Amino acid sequence: MDTMQDLIGRLTAATGLSPEKAEKALGIVLNLIQTQGNQNKVRELFDKLPGAAELASQQGGDGAGRGGGLLGMLAGGMMGGPLAAISKLTAAGLSMDQIKVLGVTTLDYAKEKAGPQLVKEVAGSIPGLSGYV
C-alpha cells in the first residue's frame, strides 16, 4: 500500500485536503477508472499501482456505479461515470479546483509509475476523460 500512501501524500500537499479526505477522493477517482475503463488496460494499470484496486473497491458500491438511484441511472449515460464521480467528490467536500488538482496529480503519478502510453489508453477508454491526458 506504499504506492497509494505516497500518492495520498502528494494529493494532501497539492490540494490542502486532510489525508483521510484525500484517500476518499482518490478512491472515488480510482473507482471511476475501475468501473468505466477498458478492463484489460485498467488491470494492467492497477498492477503497476499497488493498492489502487483495493482503494477503488472501498469507494465503490454507493449508488454511483451500476444500479441504485439517480446516480446509478446517470452512470449508464455517456457522461455518467465522470459526472457521478464529480458529484461524489463535491459531496465529500472538495471544490472544483481541488477536483482538478486531484485529477492532474493522480494522472501525473500514474504516468510516472505505469508510463504515459498505458495511462492514455485507460483514460481514452473512459468517455469524458480522454481530453485530460
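Student: Is Ala52 buried or exposed in this predicted model?
Tutor: Buried residues are those under 20% relative accessible area. The relative accessible area of Ala52 is 0%, so Ala52 counts as buried.

Student: Which residues does Ala52 touch, not counting residues up to four places away in sequence?
Tutor: The place of Ala52 is in helix H4, and a contact requires heavy atoms within 4.5 Å. Leaving out residues up to four places away in sequence, the residues that Ala52 touches are Met4, Leu30 and Phe46.

Student: How many residues apart in sequence are Ala52 and Asn31, and what is their C-alpha to C-alpha distance?
Tutor: Along the sequence, Ala52 and Asn31 are 21 residues apart. In space, taken C-alpha to C-alpha, the distance between Ala52 and Asn31 is 8.9 Å.

Student: Which residues of H1 are buried, and where do they lie around the axis?
Tutor: In H1, the buried residues are Thr3, Met4, Leu7, Ile8, Leu11 and Thr15. They cover an arc of only 130° around the axis, and therefore lie on the same side of H1. Asp2 and Ala13, which are exposed, are on the other side of H1.

Student: Which helices do the buried residues of H1 pack against?
Tutor: Met4 is one of the buried residues of H1, and Met4 is also among the residues that Ala52 touches, with Ala52 placed in helix H4. Taken together, the buried residues of H1 pack against helix H2 (19-36), helix H4 (52-58) and helix H7 (96-114).

Student: What span should helix H1 have, and how far apart are its end C-alpha atoms?
Tutor: Helix H1 has 14 residues (residues 2-15), and at 1.5 Å a residue it should span 20 Å.

Student: What is the secondary structure of the chain, read along the sequence?
Tutor: The secondary structure comes to eight helices and zero strands.

Student: In which helix is confidence lowest, and in which is it highest?
Tutor: The mean pLDDT of the chain is 84, with 80% of its residues at 70 or more. Confidence is lowest in helix H5 (residues 69-75), at a mean of 44. Over residues 62-78 the pLDDT is below 50, although this stretch has 19 contacts in the model beyond near neighbours in sequence. Confidence is highest, at 95, in helix H3 (residues 39-47).

Notes: Residues are numbered from 1 along each chain as its sequence is written. This is a predicted model: local features need pLDDT of at least 70, side-chain atom pairs count only at pLDDT 80 or more; totals for chains, interfaces and linings use all residues. Side-chain values use heavy atoms; hydrogens and water are left out. pLDDT is the predictor's confidence in each residue, from 0 to 100. Helices (H or I, at least four residues) and strands (E, at least two) are DSSP runs, numbered from the N terminus. The expected span of a helix is 1.5 Å times one less than its number of residues. Buried means under 20% relative accessible area, exposed over 50%, partly exposed in between (1.4 Å probe, protein chains only). The arc is that of the directions from the helix axis to the C-beta atoms.
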